[in-house]
2 protein chains.
Amino acid sequence: MTSLYFEEAEVGKLRTAGPYLVSRNEIIEFAQKYDPQPFHINEEAAARSVFAGLTASAAHTFAILLSLLNKAQPYSLRTLAGLGWDELRLPIPVRPGDELYLELAILEKRESKSKSDRGIVRGQIYLRNQKREIVLQCVNTVLVARRPAAK
Amino acid sequence: MTSLYFEEAEVGKLRTAGPYLVSRNEIIEFAQKYDPQPFHINEEAAARSVFAGLTASAAHTFAILLSLLNKAQPYSLRTLAGLGWDELRLPIPVRPGDELYLELAILEKRESKSKSDRGIVRGQIYLRNQKREIVLQCVNTVLVARRPAAK
């Protein structure tokens with residue numbers, strides 16, 4: 001896969017990845033380790049919750065987002081570090097058997113004022129299920145390497 | 001542990017949890033599954049990164065936050081669902097051997113306008129390492145059950 005420097009990242013161009021198939025076992029195992037709420041690990045308790053069924057932890061959905069960000073096509077960015085995440089929403093829960101798809105578009109990019117070897121890129125992210133419902137959306141900001149100057 | 005209804009949640013009162021000891025193995029295993037960037041899974045590549053050493057994936061740090069939220073003392077809330085996360089920042093990376101501590105304070109709470117059985121609670125969250133440096137901060141918003149009316 002092509003991995004682009006800051007200079008080559010194109011504002012507005014859509015990048016995608018997926019599907020990521022979410023199994024019941026993965027939902028339960030992840031939640032048992034990190035977020036053992038009854039509605040993430042127990043079918044009967046989940047049936048009585050506001051979601052009326054087993055749902056993935058927000059941390060699990062976020063981890064799947066990261067997994068798909070690593071596979072975004074047609075290109076990845078030479079990311080140096082993540083800076084932050086804003087307006088992270090999970091409007092529809094992820095359920096066993098869901099297939100998740102990433103959509104990512106660069107909103108803006110600017111050079112770092114303090115360090116000449118990097119730039120800052122903000123992207124709009126949507127994670128959708130097989131019905132095209134948004135299960136996670138957010139804006140993320142990352143540091144991306146600039147192309148080294150010719151010597 | 002005491003689990004409180006919306007009515008009993010107290011604005012401003014600090015809740016805490018931790019330590020959560022982060023091992024090198026856990027960092028690498030989590031990242032191999034969800035975020036296989038070289039600086040999360042490979043010591044040598046990590047030494048050359050901007051962090052000069054192995055660091056945890058943002059998704060991993062977020063998962064540890066959820067783990068500690070489940071253990072917050074002196075009380076937990078009867079959370080029905082998470083609504084969103086804002087201004088999520090990871091200013092200092094999590095490294096092998098770090099011990100993480102949660103600090104959580106309710107910023108505001110209000111009754112749901114549409115559903116009488118629940119309320120909305122916003123909290124300020126800090127996750128700190130053993131040097132008291134902030135490794136993650138954010139504001140989160142959750143739905144919390146209201147105390148059922150007496151029959």
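This report walks through a predicted two-chain model, from the layout of one chain to the places where both chains meet.

Before we start, some housekeeping: residues are numbered from 1 along each chain as its sequence is written, while chains are lettered from A and ligands numbered from 1 in the order in which they are written. Because this is a predicted model, local features need pLDDT of at least 70, side-chain atom pairs count only at pLDDT 80 or more, and totals for chains, interfaces and linings use all residues, with side-chain values taken from heavy atoms, leaving out hydrogens and water.

**One chain**

Chain A has 4 helices and 7 strands. Here helices (H or I, at least four residues) and strands (E, at least two) are DSSP runs, numbered from the N terminus. Walk along the sequence of chain A and you get β-β-α-α-α-α-β-β-β-β-β. Its C-alpha trace spans about 65 × 25 × 25 Å along the principal axes. Of the 151 residues in chain A, 52% are buried; buried means under 20% relative accessible area, exposed over 50%, and partly exposed in between (1.4 Å probe, protein chains only).

Contact means heavy atoms within 4.5 Å. Take the contacts in chain A between residues at least 6 apart in sequence: 72% of them join residues at least 24 apart.

**Two copies**

Chain B can be laid on chain A by a turn of 180° and a shift of 0.0 Å along the axis, with an RMSD of 0.0 Å. That is how a two-fold axis relates copies. In chain B, the C-alpha nearest the axis belongs to B:Asp86, 2.6 Å from it. The copies meet through the same surface, because 100% of the interface residues of chain B are also interface residues in chain A.

Now for helix α4 (residues 58–69), which each chain has. The axes of α4(A) and α4(B) come within 9 Å and cross at roughly 180°. That makes the pair roughly antiparallel (over 145 degrees; under 35 is roughly parallel, 65 to 115 roughly perpendicular, the rest oblique). Among the residues that meet there are A:Phe62 and A:Leu66 on one side and B:Phe62 and B:Leu66 on the other.

Helix α1 (residues 24–34) of chain B has buried residues too, including B:Ile27, B:Phe30 and B:Tyr34. The buried residues of α1(B) pack against parts of both chains, among them α1 (24–34) of chain A and α2 (38–41) of chain B.

**A few residues up close**

| Residue | Relative accessible area | Class |
|---|---|---|
| A:Cys138 | 1% | buried |
| B:Cys138 | 1% | buried |
| B:Thr61 | 2% | buried |
| B:Thr79 | 23% | partly exposed |

B:Thr61 sits in helix α4 of chain B.

B:Thr79 lies in strand β4 (residues 79–89) of chain B. Leaving out residues up to four places away in sequence, B:Thr79 touches B:Val142, B:Leu143 and B:Val144, plus A:Phe39 from the other chain.

How many disulfides are there over all chains? The search finds 0, a disulfide being a pair of cysteine sulfur atoms within 2.5 Å.

Definitions and conventions
Axes fitted to C-alpha atoms, helices over the stretch in contact; angles between N-to-C directions. Least-squares fit on C-alpha atoms with pLDDT ≥ 70 in both.
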